[in-house]
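Here is a short note to read beside the model. Please look at the sequence and the structure first.

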Amino acid sequence: MKQMKIAVAGAGGRMGRMLVEAIAAAPDLVLSGALDVAGSPSIGQDAGAFSGQPTGVTIESDLARALAGADCLIDFTRPEGTLEHLAYCAANGVKIVIGTTGFDDAGKAAIAAAAEKTAVVFAPNMSVGVNVTLKLLEMAAKSFAEGYDIEIIEAHHRHKVDAPSGTALKMGEVIADALGRDLKDCAVYGREGVTGERDPSTIGFATVRGGDIVGDHTVLFAGTGERIEITHKSSSRVTYAHGALRGARFIADRANGLYDMQDVLGLKTALKG
Ligand SMILES: NC(=O)C1=CN([C@@H]2O[C@H](COP(=O)(O)OP(=O)(O)OC[C@H]3O[C@@H](n4cnc5c(N)ncnc54)[C@H](OP(=O)(O)O)[C@@H]3O)[C@@H](O)[C@H]2O)C=CC1
Ligand SMILES: O=C(O)C1=N[C@H](C(=O)O)C[C@H](O)C1
């Protein structure tokens, strides 16, 4: 069997470590390189050192060396790092799976432009459960279009640096699209002081940060006499890692272009009709 060669960016991070472990356990994949930011304490260590299972791949900060021979880079880092790695991938024909969140509009445009030169999977949440939840939300939003106030509540660990989470924003976009609204016009990010009564056309966001919460998302449809809550809770990062590996396998033989986890999981076509 020809193994797909995968490089991991942010190899010393929470997701990077999970990915290194998942790749080591996948017979069709092999870790070809491990990258982290210069100055990171992980530089110079074996990528599997944290788990006591050496991979023979040393984490380094040189992009060209870490990506040498790679078919695909899996990147869960920070927007500025991902955009630098992406430019290299686009110029050198390396495919890329992007899990990083927190991009601004210019960053998202750069990802779309790079996807003309290489195949890209880009999704704020790679878990099967969240992606199926997005389909449920599309249906729910249409059913609760009138008379229901929509609020999105998310909770994550104390180390998370962006808010609201990429997943919460994606949920907001899916709901706004289903209702024919633009999230940019109707999102309310937190409330304080004398806010006035709630505008029914808005979608509210609330963020909780604390401890080791892996990732909880609830969408509340609050009507008169009833409320509906659609909740997804992650209890391990392994689901994100397995989703990212599915993404890498999906683009292995795909043409250049921008794909998301709905493409990877076949959810765009499977539930139409
Ligand atoms: N799409 C999905 O399914 C998921 C997405 N995420 C997203 O993935 C990203 C990473 O999350 P997580 O692993 O928890 O974060 P961590 O902080 O644990 O890991 C990030 C890694 O990237 C490195 N890094 C930091 N800045 C840069 C940079 N400028 N260039 C290159 N590398 C850099 C860090 O190095 P150092 O530690 O030395 O700073 C670290 O190794 C976040 O954006 C998060 O929201 C997370 C889980 C699931
Ligand atoms: O930072 C995290 O941990 C997570 N980030 C992603 C997001 O911002 O939605 C996905 C998941 O919720 C975990």
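Predicted model: local features only at pLDDT ≥ 70, side-chain atom pairs only at ≥ 80, totals over all residues.

1. Residues are numbered from 1 along each chain as its sequence is written, while chains are lettered from A and ligands numbered from 1 in the order in which they are written.

2. Helix H5 takes in residues 128–143. Helices (H or I, at least four residues) and strands (E, at least two) are DSSP runs, numbered from the N terminus.

3. Which residues of H5 are buried? They are Val-130, Asn-131, Thr-133, Leu-134, Leu-137 and Ala-141 (buried: 20 or more other C-beta atoms within 10 Å of the residue's own; exposed: 12 or fewer; partly exposed: in between; C-beta atoms are placed from the backbone). Because they cover an arc of only 150° around the axis, they lie on the same side of H5 (the arc is that of the directions from the helix axis to the C-beta atoms). Met-139, Lys-142 and Ser-143, on the other side of H5, are exposed.

4. An unreviewed UniProt entry places the feature "active site" at His-156 and Lys-160; such annotations may be inferred rather than shown by experiment.

5. His-156 is in strand E7 (residues 149–156) and counts as buried because it has 25 C-beta neighbours inside 10 Å. Leaving aside neighbours within four places in sequence, His-156 is in contact with Ser-165, Arg-209, Ile-213 and Gly-215 (contact: C-beta atoms, placed from the backbone, within 7 Å).

6. Lys-160 is in the loop between E7 and helix H6 (166–178). With 18 C-beta neighbours inside 10 Å, Lys-160 counts as partly exposed.

Terms used: Expected span 1.5 Å × (residues − 1). Contact = placed C-beta atoms within 7 Å.
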